[in-house]
Structures are given as C-alpha cells and as structure tokens.
Amino acid sequence: MTHTVDWSIVGPALIAGLLVLSTHVPLGQRVLQKGIVFIDLAVAQMAGLGVILADVLGWEPQGWAVQAAAVSAALLGAGILTWMERRWPDIQEALIGALFVVASSAGILLLAGNPHGGEHLKDLLVGQILWVTPEQLQPQALLAAIVLALWFGARRWLGQAGFYMLFAVAVTASVQLVGVYLVFSSLIMPTLAVRHAPARWQLPLAWGVGALSYALGLSLSAMLDWPSGAVVVVVMGGLCCALSTLIPTKQPSH
C-alpha cells in the first residue's frame, strides 16, 4: 500500500537534509584527503553519548542543557583526536575506530537500565528526520552559514585543531537532526562518488547527488511508510555508486 507524499512533513525533512549536506560535503572532502574516514562516526557517537548522559540525568530533551552536553562531549572527542593525531599519527584511523567503539559501548551501558533504551539508541543512529520541525531548522541554518563562512573564508587559519573543533560542532548539530547513519552517509558518500571528477565540479556534483538522494529517499519513505533515515541511506548509496561509474577514472601519467 502506498501513501501520498505530505510535503508539510517531507518539506522540513528535505531542508534539514540539504542543510546537513551543505556543510558535510566540503568537510567530507577534507576527511578523505586526510584518510580519516571514520572520524565523523567517532565524533557523532561522542555527541550522542552526551545526549544519552543528559537523558539519564533527566534533562529536558530539547533544552539548552542537552545541547551543551552534546557539544561538550563532541569537543572532548575532537580534543582527544587532535592529541592522538599528534602523539600517534601513524595509527590515527585505528584510534578513531577505538574511540567510536568505546563511546558506543558507554552509551549502551548508560541506557542499560532504561526500559526505552533500545528506542533511544535507534533514534540516535537512524534518526527521526521526518519529525523535524521548522523551529529546529532555524538554528541549523544559522550554524550551517557560520560553518561554511569559516570553512571557505578562514580555512587556512583553522589548522588541525580548528578543523576538529569546527567538525565537532557541525556533526553535533546534524546528528541530533538526522541521526548518526545519515551524518556519515552525507559526509562520505557524495564526496567519494565524485573523487575522480574535475576539481571544479566535485562540490556541485556531490551536493547535487546528495540533494537528489534526500528528495527521492524521503519521498519513497513517505509513500511506502518505511523508516526514512534507512531509506535515504540506501538510496544515497545506490545513486552515488551510479554516479561514480559514470565519471571516468583518471589514468596515471607515464
């Protein structure tokens, strides 16, 4: 059984996805260049750990205290990653994976006594993008504008620590809006798909395939009544694979 697409619900969700893409595609380019693909999973999981801790403490789910806990946890993770990269640069990817596993396990332990713990964990990972409200979009849009201004206007002065901090703030806001899986997909999949395209076309193509993925995925989710986050991830994976095959691979020069 199919349903009609209610754009009063899908519209805000699509805007949320586009806002996430706006910052995560350029940040994803830097992540691929540095070879630290799983950094967003680790930082997102740290932010999620902050949200879980705030929930355990009984704080208001949408309150500023929860946001402060999430940002603080993500910045802590960014600080740890910065220190580890300076201390052990040769095993950075392995250390990022270790941080992700530890943060995930800590979150599971915090939710162990919560009868709704499984649902909380699912919401954190898959997200509830279809339930995004216009009120949630306003601070996200402001943050996206600030992140993009810093990235394109002051990137050369950010340095390693500045990149991690900016990344942590961007991911913290996104993971609460769309979930860990969509954050990772938005960061990596479009950028990976266009890596062989001419440099001047990489950002437009990545933004384009990401936007199409959100539009198509959310529409299918609404029509088929399937979990929205999971549908968008699968659609994005398929479209990005298709785009990647259409872009000629650069041949090494002899």
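Guide: Surface patches here are made of residues with over 30% relative accessible area and no salt bridge, joining like charges within 9 Å and nonpolar side chains (Val, Leu, Ile, Met, Phe, Trp, Tyr) within 5 Å. This is a predicted model, in which local features need pLDDT of at least 70 and side-chain atom pairs pLDDT 80 or more, while totals for chains, interfaces and linings use all residues. Residues are numbered from 1 along each chain as its sequence is written, and side-chain values use heavy atoms, leaving out hydrogens and water.

Visitor: What area does the nonpolar surface patch have?

Guide: Leu53, Val56, Leu57, Trp59 and Leu110 make this patch. A salt bridge, which would rule a residue out, is a side-chain nitrogen of Lys or Arg within 4 Å of a carboxyl oxygen of Asp or Glu. Areas follow Shrake-Rupley with a 1.4 Å probe, and for residues only the protein chains shown count as cover. The patch comes to about 430 Å².

Visitor: Is tryptophan 59 buried, exposed or partly exposed?

Guide: Tryptophan 59 sits in the loop between helix 2 (39-56) and helix 3 (64-87); helices (H or I, at least four residues) are DSSP runs numbered from the N terminus. Buried means under 20% relative accessible area, exposed over 50%, and partly exposed in between (1.4 Å probe, protein chains only). With 36% relative accessibility, tryptophan 59 is therefore partly exposed.

Visitor: How many residues of helix 2 are buried?

Guide: The 18 residues of helix 2 should span 26 Å at 1.5 Å a residue, and the end C-alpha atoms agree, being 26 Å apart; the expected span is 1.5 Å times one less than the number of residues. Just after helix 2, glycine 58 takes a positive phi of about 85°. Helix 2 is mostly covered, and of its 18 residues the number buried is 14.

Visitor: Which residues does threonine 172 touch?

Guide: Threonine 172 lies in helix 6. It is buried, since its relative accessible area is 2%. Setting aside residues up to four places away in sequence, threonine 172 touches Ala47, Ala70, Val71 and Ala74.

Visitor: How far apart in space are threonine 23 and leucine 218?

Guide: Threonine 23, in helix 1, is buried because its relative accessible area is 4%. Leaving aside neighbours within four places in sequence, threonine 23 is in contact with Ala144, Val147 and Leu148. Leucine 218 is 195 residues from threonine 23 in sequence, and in space their C-alpha to C-alpha separation is 20 Å.

Visitor: What geometry does the pair of tryptophan 83 and tryptophan 88 have?

Guide: The structure holds four aromatic pairs. Rings of Phe, Tyr and Trp (its six-membered ring) pair if their centres lie within 6.5 Å; planes under 30 degrees apart count as stacked, over 60 as edge-to-face and the rest as tilted. For tryptophan 83 and tryptophan 88, the centres are 5.1 Å apart and the planes at 85°, so the pair is edge-to-face.

Visitor: And what geometry do tryptophan 151 and phenylalanine 163 have?

Guide: Tryptophan 151 is buried at 3% relative accessible area, and phenylalanine 163 is buried at 1%. Ring pairs link Trp151, Phe163, Tyr164 and Phe167 into a cluster. The rings of tryptophan 151 and phenylalanine 163 have centres 6.0 Å apart and planes at 50°, so the pair is tilted.

Notes
Helices (H or I, at least four residues) and strands (E, at least two) are DSSP runs, numbered from the N terminus. Contact means heavy atoms within 4.5 Å.
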